[in-house]
Amino acid sequence: MGQGNGLRTLSRQQVEQFRRDGFLVVDDLLDEADVEPVKARAERIAAGDAPHVPDDCVQIEPALQAGGGPSSRALAVRKLYKLAQVDDVMLAHVRNPKLVDAVADLLGADDIKLYLDQILMKPAFHGSAQAWHQDSASWRDIFPMDLVTAWCALDDATIANGCLWMAPGTHRWGMIPSHLRPWVESRLVGEFEPVPVEIPAGGVSFHHSLVLHASRPNTTPHRRRGAAVHYMRAASIKDAAVTDAPKVPPFVQIRGRSFPGCV
Ligand SMILES: O=C(O)CCC(=O)C(=O)O
């Protein structure tokens, strides 16, 4: 335990902030030694120089699919995902104790599995927006809906290059039914006061899977890369009756115990 308060690494105040806002930013959680191997491996995979990574783990930015964009394929990649099951560097990243200790504090649980990992590359000029959403609206087969994402900035994330925006406290609404979404979204500014999450490379923002968040397009000449690792309780349940949730690889045990009948 980190601080004699039952927590591994975060302060009581940070955990309370996460519970109140649905997200928490820790600017200097990772250092170069944590981030550089992930950046280097992402570059190799994005360049198509990683035969161990299946093609369906790489997605090209739609606006750049027809060609005529950047000179190298790596610069046109929108996202890399489902890497931890096939790539040792990404597996080491999702197991990084600095991330996992913080997630354990936020979940209040030491039994943790990986739901999914992604590297969101947001290409220069063409990197598209991500509309307001709750992650659990996609991951609707996983209960309880309190997964935690560790979004690690591989580049400085700024408003101009498309950093995340969060609508504080919206996770406390629970799952917002689709017919209420337009109402909530029309009141984001003025009522929920969305905030940009500008973080330096190496910084990490953690968010709850029910908090409304978004990102804007990248209007700059450089990519905005972020490694998003989505963790869940090992005691979570996957509802097999839900058939339209994303198909994700077998869940990796990250820490602690697994439980019969659970994910
Ligand atoms: O990186 C982005 O632009 C969006 C990421 C996101 O929505 C997430 O990590 O949940």
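Select lysine 39 to begin: leaving aside residues up to four places away in sequence, lysine 39 touches Leu154, Asp155 and Arg225, where contact means heavy atoms within 4.5 Å. This is a predicted model, in which local features need pLDDT of at least 70 and side-chain atom pairs count only at pLDDT 80 or more, while totals for chains, interfaces and linings use all residues. Residues are numbered from 1 along each chain as its sequence is written, and side-chain values use heavy atoms, with hydrogens and water left out.

Lysine 39 belongs to helix H2 (residues 32-46); helices (H or I, at least four residues) and strands (E, at least two) are DSSP runs, numbered from the N terminus. A polar atom of the lysine 39 side chain lies 3.4 Å from the backbone oxygen of leucine 154.

The surrounding residues include Leu120, Lys122, Asp135, Leu164, His207, Ser215, Arg224, Ala228 and His230, and by class the shell has 4 nonpolar, 5 polar and 3 charged residues, where Ala, Val, Leu, Ile, Met, Phe, Trp, Tyr, Cys and Pro count as nonpolar, Asp, Glu, Lys and Arg as charged, and the others, Gly among them, as polar.

Now display the distances to ligand oxygen atoms. A polar side-chain atom of histidine 133 is 3.1 Å from an oxygen atom of the ligand, an N or O atom in the tryptophan 151 side chain is 3.0 Å from a ligand oxygen, and for the side chain of histidine 213 the corresponding distance is 2.9 Å. Strand S11 (213-215) and strand S12 (226-233) are the elements that give two or more residues to this shell.

Finally, select proline 144, in the loop between strand S6 (142-143) and strand S7 (148-153); the peptide bond from phenylalanine 143 to proline 144 is cis, with omega near -5 degrees.

Terms used. Near = heavy atom within 4 Å. Polar contact = N/O pair within 3.5 Å; in protein donor to acceptor, adjacent residues only side chain to side chain.
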